[in-house]
Amino acid sequence: MSDQTKSWLETRLPLASSMQSCIWNMKMAVEKPYLAALGSLITATLIFLTLSGFVLSLFYVAAPGAAFDSIQFISRNVDNGWLVRSFHATGATMLFAATYLVVFRTLLTGGYRAPNELTWILKLVFLGLVLIIGYFGYAMADGAVSYWSLHETTVAGARLTSFPGAISNWVFGGPAGPGTLGRVAVLHSALALLGFGVLALHLAAKRAVAPVPTKTVTLHPYYTSHHFVAFAVFALIFAVLVFFAPHWGENQLNLAAANPLVVPAVLTPPWYLLPVSAFAAASSSPLGSIFLVLAGFAVLFAAPWLDQSKGTKPGLFYKILVAVLALDVFGLCMAQADGPSMLSSILSTIFIGWYFLHFLVLSPLATAMESKK
Amino acid sequence: MKFGISAAALLAASLAFSNAAKAEDTLSPLHWQSQGNFGSYDKAALQRGFLVYQTVCASCHSANALHYRDLTALGFSPDQVAAIASNVKLADGSQASMDDNFKNPFPDSQVAAKAFGGAIPPDLSTLVAAHPRGTQYIYSLLTGYQAAPSDVNVMANHYYNVAYPGNQIAMPAPLKDDMVTYADGTKATTAQEASDVAAFLTWASHPNLDARKQIGLRAVIFLIFLSVLAIANKRKIWSGVV
């Protein structure tokens, strides 16, 4: 571009100068850990999932049976289709890993406390959103497990009355039938776009309450080089999974075609849906399941107000409690993945009990104790 | 049935001239070359496995996701694959072409269920992928037929198999020694046939395994270097600040 064109463009559309002032020369606090790049990584992964999902959507057929066949077609007959499918599946794993890690880290460091309540809520909204998107994506696979999972979800939804029933009816259009996957596919992509909106709101909210740093550096070259490291390592983990464990964390049985006459003994979802699935499985009635899942989320949303610290940093006891909570949720997922049995049902009840105990009793007590010192 | 045998003989003959390879031992110890992070398919085993599949399995099982043209990945030339396809008679009596899906032996699953007392032979395209340790499972299942212990009552039209969940399977033992004649001179024992067809069905489930691992190795090596470079770059840039 000649200098003349540049100045002509710059006076009409000041891209270069705003890039200069808003991005490259932005003042950032020094000594951010690599984990501070998780927000950028989540955004990049969501973009990546949107692009790979777009490619898949060109071949995907949203109808029971035909959906499974179309995914087989993508994997076997579309040029590099297997790679794009692997990208999308593993991208989902990376997105959830990063999102769960952010939630855990925020709890551990007390990053949800005032004035960060709204950023915390937006993080949870994003988590809830990707869980819904993840479930829809899982249902779209139309395998031997997810076919029946969608069936059970929609049948349970259709039996609900009033407001919950209306939502279910609006989303699924009644019990699973020929048109259900089409709705699910549309919502899968539409909600993904909504995810970008939530990420943008989160970024704006985070910037508004960020403390004024005492020592700053410019974004470029300091944080570009910093993020380059985070992206390279993230891509390395991603590549190892894509090429050497492409279906890691998925139920293998879902790679077989669904049989409308054969219900699998256990409907184990992919790893990232296990926590929700475990909360839902703890009740035998649909309303009870919904209530437990919402309650599980509600205590997370309420964390900033249950917390009794008065501006003190989280102490060791609190941090140990959060680490135990992480183990608790991990154990809950393992018990759920193990399938229904007397032992896993007892363990799940204990783990879910501890989860609520942590947020409603232990965490407020620990923070109150630590703020007195 | 007579046609089936002569077709198998034709198939074996048509594959015979291509294989100058020598007899292989994949049984002691039992292994599949595709296993492990760097393993790739043993094409000789895949070709033997396809012979077993086409001679034995294909008479009852479908593999709907596969096309005859896909067989070139096993190391067959296009002419050989065309010969394999032309040996297959489709339901309408015509010869199969390269672009046809593997022939489904039954017009629909109800006919299949009727033929086998209600048990539908599962589609084999994704059987290995859909089962934990799928390759080993196929081998164990095919070599797992035994006389039932005295305290087990085997149901009508069922057979005792140690590898099958519940131990009672509706499929009679499909393999026996020398059911096929391998062109490469490998001895066609039941165990060898089972191991080869397990290799073939693994390929059927994961046709891109070789490409995946090849690209993967390059991608991972590249990204390791990129990560090291990124860390060095970051340290150099930040050296004056912190």
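Student: How much area do chain A and chain B bury between them?

Tutor: Keep in mind that this is a predicted model. The size of an interface is often given as the accessible area lost when the parts come together. Of the area lost between chain A and chain B, 70% is on carbon and sulfur atoms. The total for the two chains is about 2800 Å².

Student: Which element supplies the largest share of the side of chain A that touches chain B?

Tutor: Two helices of chain A, helix 4 (66–76) and helix 10 (219–244), each give at least two residues to the side that touches chain B. One of them provides 16 residues, the largest share of that side. The element is helix 10 of chain A.

Student: How do the residues of the side of chain A that touches chain B divide into nonpolar, polar and charged?

Tutor: The contact draws 31 residues from chain A and 37 residues from chain B. On the side of chain A, the residues divide into 22 nonpolar, six polar and three charged.

Student: How many salt bridges are there between chain A and chain B?

Tutor: Side chains of opposite charge can pair when their charged atoms come close. Between chain A and chain B there are 11 residue pairs in polar contact, with both residues at pLDDT 80 or more. For salt bridges between these two chains, the count is zero.

Student: Let's turn to chain A by itself. Why does the radius of gyration of chain A agree with a compact globule?

Tutor: Chain A holds 14 helices and two strands, and its C-alpha trace spans about 65 × 65 × 45 Å along the principal axes. For 373 residues, a compact globule would have a radius of gyration near 21 Å. Chain A agrees with that because its own value is 23 Å.

Student: How far apart do the C-alpha centres of domain 1 and domain 2 of chain A lie?

Tutor: The assignment for chain A gives domain 1 as 30–248 and domain 2 as 270–373. Taking the C-alpha centres of these two domains of chain A, the distance is 22 Å.

Student: And in chain B, how far apart do the C-alpha centres of domain 1 and domain 2 lie?

Tutor: In chain B the assignment gives domain 1 (2–207) and domain 2 (210–242). The C-alpha centres of these domains of chain B are apart by 43 Å.

Student: Back in chain A, which three residues supply 25% of the area that domain 1 buries against domain 2?

Tutor: Domain 1 and domain 2 of chain A bury about 2300 Å² between them, with 79% of it on carbon and sulfur atoms. No other three residues of domain 1 supply more of its buried area than the trio you ask about. They are A:L107, A:L108 and A:R113.

Student: Which helix of chain A gives the largest share of the side of domain 1 that touches domain 2?

Tutor: Across the interface of domain 1 and domain 2 of chain A there are nine residue pairs in polar contact, both residues being at pLDDT 80 or more. On the side of domain 1, helix 5 (81–109) and helix 6 (117–140) of chain A give two or more residues. The largest share, 11 residues, comes from helix 6 of chain A.

Student: Which residue forms a salt bridge with A:R113?

Tutor: Between domain 1 and domain 2 of chain A, the count is one salt bridge. The closest N and O atoms of the pair with A:R113 are 3.0 Å apart. A:R113 is in the loop between helix 5 and helix 6 of chain A and its partner in the loop between helix 12 (286–306) and helix 13 (316–337), so the pair ties together parts that are 194 residues apart in sequence. The partner is A:D307.

Student: Where does A:P221 lie?

Tutor: The peptide bond from A:H220 to A:P221 is also cis, with omega near 10°. The place of A:P221 is helix 10 of chain A.

Student: Last one: what is phi of A:N80?

Tutor: A:N80 sits in the loop between helix 4 and helix 5 of chain A. Its phi is positive although the residue is other than glycine, with a value near 55°.

Note on methods:
Residues numbered from 1 in each chain as written. Chains lettered and ligands numbered in written order. Heavy atoms only, no water. Contact = heavy atoms within 4.5 Å. Buried area = accessible area lost by both parts, 1.4 Å probe. Salt bridge = Lys/Arg side-chain N within 4 Å of Asp/Glu carboxyl O. Polar contact = N/O pair within 3.5 Å; in protein donor to acceptor, adjacent residues only side chain to side chain. Helix = DSSP H or I, 4+ residues; strand = E, 2+ residues; numbered from the N terminus. Nonpolar A, V, L, I, M, F, W, Y, C, P; charged D, E, K, R; others polar. Domains from an automatic or database assignment. Rg over C-alpha atoms; globule rule 2.2 N^0.38 Å.
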